[in-house]
Amino acid sequence: MSTEQPSFRKGSDESLNELEKELAELRAENRKLQRALQEESLRHEACEELINLAESTYHIKVRKNSDAK
């Protein structure tokens with residue numbers, strides 16, 4: 001039995017290290033996706049403002065009319 005305990009503990013340590021590594025990778029991916037979402041939100045906001053300026057400056061509808069068929 002004493003020979004099984006160290007191997008169990010070693011396996012546990014390895015799986016703990018694997019889980020910590022996976023957690024670090026997931027956190028890095030989460031940060032990357034959060035940055036991408038923030039950039040896309042800013043891009044969307046800039047496009048909306050550009051459309052608003054175009055509509056007010058040139059007095060034309062740029063947005064699609066969803067009622068037209």
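Glu-40 and Arg-43 pair up in a salt bridge, with their closest N and O atoms 2.6 Å apart. The two are three residues apart in helix H1, so about one helical turn separates them. Neither end of this pair is hidden: Glu-40 counts as partly exposed because its relative accessibility is 42%, and Arg-43, with a relative accessible area of 44%, is partly exposed too. Keep in mind that this is a predicted model.

A search of the whole structure turns up three salt bridges. Here they are side by side:

| Salt bridge | Closest N and O atoms |
|---|---|
| Glu-40 and Arg-43 | 2.6 Å |
| Arg-63 and Glu-48 | 2.7 Å |
| Glu-55 and Arg-63 | 3.0 Å |

Now for Arg-63. What does Arg-63 form with Glu-48? A salt bridge, its closest N and O atoms 2.7 Å apart. This pair links distant parts of the chain, as Glu-48 sits in helix H1 while Arg-63 belongs to the segment after H1, 15 residues away. Arg-63 also has a salt bridge with Glu-55, where the closest N and O atoms are 3.0 Å apart. Put together, Glu-48, Glu-55 and Arg-63 make up a network of salt bridges.

How accessible are the members of that network? Arg-63 is at 35% relative accessibility, so it counts as partly exposed. Glu-48 has a relative accessible area of 31% and is likewise partly exposed. Glu-55 comes in at 22%, which also means partly exposed, given that the buried class takes in values under 20%.

Then there's the acidic side of things. Asp-13, Glu-14, Glu-18, Glu-22 and Glu-25 gather on the surface as a patch of negative charge. One of them, Glu-22, lies in helix H1, which runs over residues 4-58. Glu-22 has 43% relative accessibility and therefore counts as partly exposed.

Zooming out, what is the protein built from? One helix and zero strands. How much of the protein counts as buried? Of its 69 residues, 0%.

Definitions and conventions. Residues numbered from 1 in each chain as written. Predicted model: local features only at pLDDT ≥ 70, side-chain atom pairs only at ≥ 80, totals over all residues. Heavy atoms only, no water. Patch = residues over 30% accessible without salt bridge, like charges linked within 9 Å, V, L, I, M, F, W, Y side chains within 5 Å. Areas by Shrake-Rupley, 256 points an atom, 1.4 Å probe, with all protein chains shown as cover. Salt bridge = Lys/Arg side-chain N within 4 Å of Asp/Glu carboxyl O. Lys, Arg positive; Asp, Glu negative; His and termini not counted. Charge placed at Lys NZ, Arg CZ, Asp CG, Glu CD. Helix = DSSP H or I, 4+ residues; strand = E, 2+ residues; numbered from the N terminus. Buried < 20%, exposed > 50% of the residue type's maximum accessible area, 1.4 Å probe, protein only.
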